[in-house]
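Visitor: I would like a close look at one helix pair and the packing around it. Please take it slowly and define the terms as you go.

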Amino acid sequence: MNLVMKSACALIIVYSATRIGLLIADNYRQRPKQLRQLQFALQLMENEISFAATPLPEIWVKLSRRIKQPIGGIFAHANQLLSQGLTTTSDALSTAIQEGIKSTCLRSSDVEMLLTLAGSLGKGSRTEQVQCIRLVLAELTVAEQEAEKERQENEKLWRYLGFLTGISLVIVLL
Amino acid sequence: MPNQKNGTSAPTSLNTIVSLFPPAWRPAVYRVLNETVPGCQEIRLRVNQYPLFISAKKTFYCSRQRISQEDLMFVMDAACQGSLYAFEEELRMGYLTVAGGHRIGFSGKAVLNQSGVERIKNFNALNIRIACQVLGAAAGAMQYIFDRQQQRPFHTLIASPPRAGKTTLLRDIARSFSSGCQLGVRPFQVTIVDERSELAGCYQGIPQLDVGPNTDVLDGCPKAVGIMMAIRSLAPEVVITDEIGNPQDVIALQEALNAGVAVIASAHGRDIDDMLQRPVLKDLVQAGIFERYLILSTRRGPGTIEFIYDANHRVVKRGDFQ
């Protein structure tokens with residue numbers, strides 16, 4: 001009986017430790033991906049603004065269709081907020097970013113960048129808008145490169161680290 | 001003269017006005033538009049002042065609160081969907097048209113470039129002109145501007161001081177010729193050259209007001225260029241345009257007359273003598289191009305027709321009808 005209990009506990013410990021490790025590894029894997037999606041979104045936005053002068057709500061509809069969750073969801077949410085007619089366009093985007101960011105792997109530094117952009121979107125001429133977007137795009141590229149480096153360093157590490165920590169815990173406890 | 005106004009397209013389009021305002025303002029604005037100042041034509045919003053509602057009979061300050069810069073920015077944001085860059089041309093011209101055909105004019109700091117005003121920023125005042133379509137506004141006038149013998153519209157000039165209903169009348173004339181009406185007027189092919197987006201109230205290119213089924217609208221197109229374009233490419237029988245007054249307009253109008261197109265236009269002016277004082281209009285009036293002149297006033301509300309003259313400035317009909 002005792003043995004069965006012990007081995008069950010050991011299994012649970014190893015399993016959960018492995019899961020935690022995988023989750024952290026996944027976080028490292030997703031972040032550069034999502035940053036790339038964001039870059040893609042901003043490039044689309046830049047094109048729409050500079051060539052077609054499409055108003056922001058229309059751009060967001062396009063973005064929410066073309067870009068995968070959870071990044072695409074941010075724009076869909078912004079549109080939804082805007083259609084209620086209670087906020088300004090840039091406030092709608094800011095709120096959507098702050099709420100939507102929880103379901104992404106982005107960090108507060110990334111959010112800061114996006115919020116700055118949201119604050120200046122729609123406030124200037126086409127060339128000014130494009131400049132703003134390019135600036136954020138450049139920052140995003142840097143962030144993405146760093147994230148990619150981190151991923152290479154940490155993804156495999158955490159994948160095994162979780163499992164190994166679980167095993168070592170079990171050994172210690174036994 | 002029977003007054004055949006069928007009423008206005010009020011409720012739906014008032015909602016688009018109300019939704020331009022910040023949420024806190026909406027109940028008050030809704031109340032004022034529906035109860036305090038029915039038939040409101042203009043809403044003026046100036047920073048640090050009370051909003052002003054103007055109708056033909058009444059001016060009313062809504063003393064709820066003074067307008068703040070944020071309120072103004074909210075209205076602008078709602079009007080241009082938060083995308084100033086998409087309205088660069090409008091920002092240069094100083095006005096834009098929103099859904100429902102209402103026009104918002106604005107003032108602020110002008111940003112200059114080599115060729116003139118590039119755009120306006122830091123808005124300090126907005127003037128919302130509520131598009132109010134009066135279906136049947138032209139019913140009384142139609143029989144005087146239609147040549148029954150030749151079955152074509154007369155070349156007509158409508159003149160009045162501002163806010164006397166020129167645009168409303170012109171719009172309904174367009175609609176009446178385009179759809180045909182009881183006086184034996186068959187439907188004509190009409191082109192509206194709508195330089196200031198007021199006649200048809202185009203929003204994203206689509207007319208928001210009823211200008212008839214056989215009407216083409218050249219939206220935002222300079223009159224002189226637009227009239228020539230229309231004659232060449234749209235083959236209109238009637239060209240309708242607002243507020244003529246440039247020398248180029250006159251040349252284009254003459255071109256239209258030569259092409260056998262009926263022209264119906266409007267201009268600022270109290271009466272014929274007043275127009276004879278004005279440099280460009282003088283030539284037009286003296287040349288005897290127009291066969292009918294409609295002089296409007298606000299004596300019995302906007303759209304009161306005071307006089308109808310013929311080409312030789314003889315009174316065809318002493319008005320006082322709408």
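Guide: In chain A, the axes of helix α2 (residues 56-66) and helix α3 (residues 71-83) come within 8 Å and cross at roughly 145°. Axes here are lines fitted to C-alpha atoms, for helices over the stretch in contact, with angles running from 0 to 180 degrees between N-to-C directions. Helices (H or I, at least four residues) and strands (E, at least two) are DSSP runs, numbered from the N terminus. This is a predicted model, in which local features need pLDDT of at least 70 and side-chain atom pairs count only at pLDDT 80 or more, while totals for chains, interfaces and linings use all residues. Residues are numbered from 1 along each chain as its sequence is written, chains are lettered from A and ligands numbered from 1 in the order in which they are written, and side-chain values use heavy atoms, leaving out hydrogens and water.

The crossing of α2(A) and α3(A) is left-handed, meaning that the near helix is turned anticlockwise from the far one by less than a right angle. On the α2(A) side, the contact (heavy atoms within 4.5 Å) is made by A:Pro57, A:Trp60, A:Val61, A:Leu63 and A:Ser64. From α3(A) come A:Gly72, A:Phe75, A:Ala76, A:Ala78, A:Asn79 and A:Leu82. These residues divide into eight nonpolar, three polar and no charged. Ala, Val, Leu, Ile, Met, Phe, Trp, Tyr, Cys and Pro count as nonpolar, Asp, Glu, Lys and Arg as charged, and the others, Gly among them, as polar.

The loop between α2 and α3 of chain A contains A:Pro70. A cis peptide bond joins A:Gln69 to A:Pro70, with omega about -5°. Most residues other than glycine have a negative phi, and most peptide bonds are trans.

The largest nonpolar core has 38 residues, of which A:Met45, A:Trp60, A:Leu63 and A:Ile97 touch the most other members. Such a core is a set of buried Ala, Val, Leu, Ile, Met, Phe, Trp, Tyr and Cys residues joined through side-chain atoms within 4.5 Å; buried means under 20% relative accessible area, exposed over 50%, partly exposed in between (1.4 Å probe, protein chains only). In chain A, α1 (2-52), α2, α3, α4 (89-100), α5 (108-120) and α6 (126-173) each supply at least two residues of this core. With seven residues, α1(A) gives the most. Not counting residues up to four places away in sequence, A:Ile97 touches A:Ile74, A:Val111, A:Leu114, A:Leu115 and A:Ala118.
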